[in-house]
Amino acid sequence: MKTFVSKLKEDLQNLKHSSGSAEGQEPSLFGSADFEAILTELWLSEEEGNLCVPVKKEWEDILKSKPEGLILESKGKEKLLYFEKTFKTKKALEEKLKERIAASTKLKLDEGRIVSFLEKSEGKAGAIRLKEGQKDAIFATIRSSFQIISGGPGTGKTTVVAYLLAILKELGLLPATERIALVAPTGRAAQRLTESIRENLNKIDSAKDDLLRGQTIHSLLAYKHYLGGFYYNKDRYLPHELIIVDEVSMVDLNLMRALLEALPGQKQKPIRLILIGDPNQLPSVDKGAVLGDFLSVLEEKGKFVSKLTESNRQKLGKNGRISKITELADFILKNESFDSKKPVSVEKDLEKTDEIGESVSYSSEVVWFQNKNGSDNGSRDEILLQVWKQYLFPQVKRISEWKIENHTEIKEKSLYDRFSLELKKFRCLTTFRSGYWGVDGIQEKLSFLAQLELKSQTKNVPGFIYKKHLAERLYYSGLPILVTENDRNRKLFNGDIGLVLKLGEELRAVFPIDNELYHFALDTLPKHEAAYVLTVHKSQGSEYETVFFYLPDKLKMDSNEKANRLLNRQILYTGLTRAKEQVILAGSTSSWDFGIGNSTRRLTGFQI
């Protein structure tokens, strides 16, 4: 860290000399420990995703000399300090949002015809029944050329967008397919958006539209190495007429600036822009809090935002009331327990269980897994052994019994449906990526348990699980695998999850792509790993019937995985709301308490 800050000081000093601003400025400023402390704090703040830091009283004398590379700005009564490059990017994004608001037009439409279309669509067998909030959002989005649709998991954000597309088509206002862009920050998120929009459109309108295909924002803007940037930019606008961006909470400052800069102004060409996201989910990996910033400034104006609040994802609870998953997620965000203003605690607010498994009937939709001796804090290996025995291995056995005699059977819809159900049935989540307590260590332990289980098998007896060693890896029928590197040619993206299946006499990797199953040779796959456990970050946008959420015993990993960054209220909220029916929490109660008490609201100073 000192090496970095020392280099930063040198760069700033060189900037001072090259800009000809050395006269009248104390050269000792760049050698002072106080100035180094300012740079260090600002740099560390950016590492945590913030754009700035509040100015401390003891910094004021140093900052009066206006050191090169740093910018001061006031927001209300608060003074904020930025690196100049970050500040300029923030200001550019603020200006672009102002332009988008100014360019937004209120469109006059035949609302009676829209109401009639909605009534007809909802009257069909198997149709989507819209809530009042969704209907309001549909009308608001149709009327405006710029709209943000925000809401928690399962509130029907993409359903609103699907209805928008169907209504525009009905009114003859839908642009040609090549003029519509469905985009998201990651390849997997773009694929999920495509699938969700298509699924909803098929329920609304039986005429399939398989030409709509999602892509990443980088792909839309067309990054070119020879340009050192995006092909579409402030000098060359995107040709689209309708752009829909999903998972906006994952979009960082620089990427959103690049996207808005590539949009034509209203004088050049009218364009619809729809942003979709949940501000309570995890923010972008890189700095900024774009969705939260946009919502905070636009909600004050009372327009451009449709907020959905009723979740369709979680089923009613066991007593016929709202699910405990939904309740607990709400209380986590408020940092209040169910019957007091105190933080939610494992001891007082969560039901306990000392037994887990597919056949277990839990007392609540959210339970804490404790030892048989009554201790809430179980050891990692004891917990993982139970997860393997009661959930993971039964699933492997069930999948390995599928009889697929040849490669053509992989295209049967009944197999696709079974495959999709298994992928959504169960997932283990945790907070950290590396180390003994993270995904790497947990995956290693589960792989060891799998090897022990498969080693004890007797070949050619009922229940035998076909296996194969390849490149020092063990593959077997029923193994879930996660792609960790994009392969655009085969439409496999970082975050895609598939299964290893036995096709005839061969093990193949099978993935759902565009509502069909595709199989690949194991030795031709892009980088991949077992998918028994995911980080909460990697699970964003997915949903499962049951989520086993493991909270690590240790609060601090390596220097790249700090507890305050990876164990907080937003992590708990996001992990919890991946489940539709059941959440099983386990691990360290102190980690739960730490996460509940730690909220990571990023400081950006965004204002328009």
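This briefing walks through one predicted protein model, from the whole chain down to a few residues. Because the model is predicted, local features need pLDDT of at least 70 and side-chain atom pairs count only at pLDDT 80 or more, while totals for chains, interfaces and linings use all residues. Residues are numbered from 1 along each chain as its sequence is written, and side-chain values use heavy atoms, leaving out hydrogens and water.

**The whole chain**
- You'll find 20 helices and 24 strands in the protein chain; these are DSSP runs numbered from the N terminus, with helices being H or I of at least four residues and strands being E of at least two.
- Take the contacts between residues at least 6 apart in sequence: 74% of them join residues at least 24 apart. A contact means heavy atoms within 4.5 Å.
- The chain exposes about 28200 Å², and carbon and sulfur atoms supply 48% of that. Accessible areas come from the Shrake-Rupley method with a 1.4 Å probe; for residues, only the protein chains shown count as cover.

**A hairpin to look for**
- Strand 2 (residues 70–75) and strand 3 (residues 78–83) run antiparallel, joined by 6 bridges; strands pair if DSSP finds at least two bridges between them.
- Isoleucine 71 stands opposite tyrosine 82 in strand 3.
- The hairpin has 2 residues between its strands, and glycine 76 in the turn has a positive phi of about 65°.

**The annotated binding site**
- UniProt, in an unreviewed entry, places a "binding site" at Gly151, Gly152, Pro153, Gly154, Thr155, Gly156, Lys157 and Thr158. Its positions are given in the numbering used here, feature names are shortened, and annotations may be inferred rather than shown by experiment.
- Glycine 151 is in strand 4 (residues 146–151) and is buried, at 6% relative accessible area.
- Not counting residues up to four places away in sequence, glycine 151 touches Lys157, Gly277, Asp278 and Leu308.
- Threonine 155 is in the loop between strand 4 and helix 7 (157–170), and is buried at 4% relative accessibility.
- Beyond its neighbours within four places in sequence, threonine 155 is in contact with residues including Gln134, Leu308 and Asn312.

**Cysteines**
- The structure holds 0 disulfides, a disulfide being a pair of cysteine sulfur atoms within 2.5 Å.
- Cysteine 52 is buried, at 1% relative accessible area, and cysteine 428 also counts as buried, at 1%.

Key:
Buried means under 20% relative accessible area, exposed over 50%, partly exposed in between (1.4 Å probe, protein chains only).
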